[in-house]
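Hi,

Here is the structure I said I would pass on. Have a look at it first, and my notes on what turned up follow below.

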Amino acid sequence: MKLWKKLAFTGVSALMVGTLVACGSGSKDKADASDSTTLQMYQIGDKPDNFDQLMDVANKRIEDKIGVKVNINYIGWGDYEKKMNVIISSGENYDIAYANNYVSNAQKGAFTDLTDLAPKYAKEAYDSLDEAYIKGNLVNGKLYAMPVNGNVFAQQVLTFNKPLLDKYNLSIDGIETYADAEKVLKEFHEKEPNTAAFAIGQGFRVQGDFDYPLGNVSPFAVDLNGDKTKIINQYENESFVEMLRTMHSWYKQGLIPSDAATSNKDYPLEGNTWLMRGETQGPYDYGDTILTNAAKQELVSKAITVPLKSTAQAQMANFVVSNTSKNKEKAVEFLGLLNSDPELLNGLVWGIEGDAWEKDGNDKIKLLDGYQPNMHMSAWNTGNNKILYTQDTITDEMIAKRDQSIADAEVSPILGFSFNTDNVKTEMSNISNVMNQYLDGLNTGTVDPDETLPKLMDALDKAGYDKVLTEMQKQYDAFQKESK
């Protein structure tokens with residue numbers, strides 16, 4: 001997924017671009033299946049074209065297993081946050097939803113406390129979660145979400161169009177940083193000056209070994225290669241500033257589109273409109289396999305950050321039970337089933353068996369002509385990726401490497417840290433306004449960082465940066481003490 005389009009969905013793989021949503025009420029015992037309750041669920045994204053067929057199959061199994069049905073209502077990507085805010089603030093009676101503003105809404109009491117309910121009613125799914133998912137979703141010591149087990153860590157990579165590399169005999173050997181990529185970008189730009197060497201646009205953020213208490217749209221960060229006990233201003237960190245200088249140099253050389261700071265131009269994975277782009281990969285991407293499948297041409301990537309288990313990844317795809325629900329236990333039971341029943345989940349994520357796919361061994365499948373982009377739900381925000389059947393092109397060695405990479409990934413020092421902004425709301429608003437003025441220009445290389453950063457620092461100082469930093473460090477110190 002293009003980094004400048006990514007919003008809160010860092011670490012989402014390119015194949016997994018469907019969605020699942022719903023809305024509802026109630027639950028009865030399995031014995032009363034003829035008059036079963038329908039749980040209401042909200043999901044983000046676009047409804048599959050064959051949604052009714054998918055849900056007919058799914059609801060037969062759900063009703064047989066736990067005695068309820070599920071009604072999934074989709075809300076589009078651009079409308080989800082606004083509409084869910086209205087639904088939550090109005091006190092509407094629904095059961096399950098893809099989490100919107102998870103921490104703040106949990107603190108406001110919008111979601112059911114699952115600390116005891118999840119281990120009881122969704123035990124198999126709960127027990128299968130990496131510890132990072134639990135720790136990363138605790139709010140004041142309580143769990144309010146059933147997270148989808150998927151890309152628990154993310155790694156930032158530079159992805160290259162292999163057909164274009166081959167066309168001009170370009171080598172990407174030895175690339176480990178942005179600066180390392182300059183040689184190949186320059187060589188390509190000389191050959192094709194009208195094709196984007198580094199395809200970026202508005203919203204792009206330079207990536208390094210940092211993690212962010214408030215996301216990478218704010219200046220606050222922890223340097224994973226420095227003192228992990230301190231919150232810093234990323235835009236004062238010398239290694240990060242050097243990357244901004246690299247971006248500006250590339251911009252002046254024409255390696256970055258001239259309108260990058262303001263452009264929302266799409267650079268599709270498929271086709272030859274770009275040579276290099278920024279991507280996020282996780283363990284269930286199986287290296288470049290998923291990107292290559294989505295692009296329908298070979299793509300190759302080079303990692304520029306460490307694999308990191310972070311709060312952002314832990315909260316990537318959370319499902320919550322509304323505090324207004326009259327069917328809390330059944331809602332949790334359904335989430336448990338969805339994340340532990342291979343027959344149910346695979347039928348939703350891969351599509352209709354026999355039409356879209358067929359079994360090729362115990363846990364392998366072969367895709368058929370009926371497997372189409374809008375004829376199934378997405379993997380990343382539907383259910384437990386570990387119980388999904390894998391394509392016949394995914395080898396046992398690749399699966400073993402996936403599992404080992406999850407075990408070996410670095411855990412962020414701020415995993416589970418939630419900054420309470422109650423004492424600095426005005427300052428936070430001021431800082432957000434300041435950053436919005438400078439982020440795109442600096443990160444796309446459009447402006448000279450050596451000229452612009454002093455102006456940014458002065459504006460942050462006037463906005464109350466020091467007050468926020470002091471409060472944040474105080475809370476982070478307490479978090480570290482409690483975590484020991």
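A quick word on terms before anything else: helices (H or I, at least four residues) and strands (E, at least two) are DSSP runs, numbered from the N terminus. This is a predicted model, so local features need pLDDT of at least 70 and side-chain atom pairs count only at pLDDT 80 or more, while totals for chains, interfaces and linings use all residues. Residues are numbered from 1 along each chain as its sequence is written, and side-chain values use heavy atoms, with hydrogens and water left out.

Let's start towards the end of the chain. UniProt, in an unreviewed entry, puts a feature called "domain: DUF3502" at residues 413–481.

Two helices to look at are α15 (residues 425–443) and α16 (residues 449–463), whose axes come within 9 Å and cross at roughly 170 degrees. Axes here are lines fitted to C-alpha atoms, for helices over the stretch in contact, and angles run from 0 to 180 degrees between N-to-C directions. That makes α15 and α16 roughly antiparallel to each other; the cut-offs are under 35 degrees for roughly parallel, over 145 for roughly antiparallel, 65 to 115 for roughly perpendicular, and oblique for the rest. Contact means heavy atoms within 4.5 Å, and the α15 side of this contact includes Ile431, Val434, Met435 and Tyr438, while the α16 side includes Leu453, Leu456, Ala459 and Leu460.

Now the sheets. Two strands pair if DSSP finds at least two bridges between them. Strand β1 (residues 37–44) runs parallel to β3, and 2 bridges join them. Tyrosine 42 has alanine 97 in β3 as its bridge partner.

Which residues touch the most other members of the largest nonpolar core? They are Ile62, Met84, Phe111 and Phe334, in a core of 78 residues. (A nonpolar core is a set of buried Ala, Val, Leu, Ile, Met, Phe, Trp, Tyr and Cys residues joined through side-chain atoms within 4.5 Å; buried means under 20% relative accessible area, exposed over 50%, and partly exposed in between, with a 1.4 Å probe and protein chains only.) Leaving out residues up to four places away in sequence, phenylalanine 334 touches Leu39, Met41, Ile62, Ile66, Val70 and Ile96. There is also a second, separate core of 58 residues, and Leu158, Leu165, Tyr235 and Phe479 are among its members.

Another open sheet has 3 strands in the order β16-β17-β18, again with mixed pairing. Its edge strands, β16 (357–359) and β18 (390–391), each pair on one side only. β16 and β17 (residues 364–367) run antiparallel, joined by 3 bridges, whereas β17 and β18 run parallel, joined by 2 bridges. Isoleucine 365 in β17 stands opposite lysine 359, and also opposite glutamine 391 in β18. The hairpin of β16 and β17 has 4 residues between the strands, and glycine 361 takes a positive phi near 105 degrees there.

Finally, some loops. Most residues other than glycine have a negative phi. Asparagine 101, though, has a positive phi near 50 degrees; this residue sits in the loop between β3 (96–98) and α3 (102–107) and is partly exposed at 36% relative accessibility. Asparagine 140 also has a positive phi, of about 50 degrees. It lies in the loop between β4 (138–139) and β5 (142–143), and its 69% relative accessibility makes it exposed.

Cheers

Definitions and conventions. UniProt positions renumbered as here; feature names shortened; annotations may be inferred.
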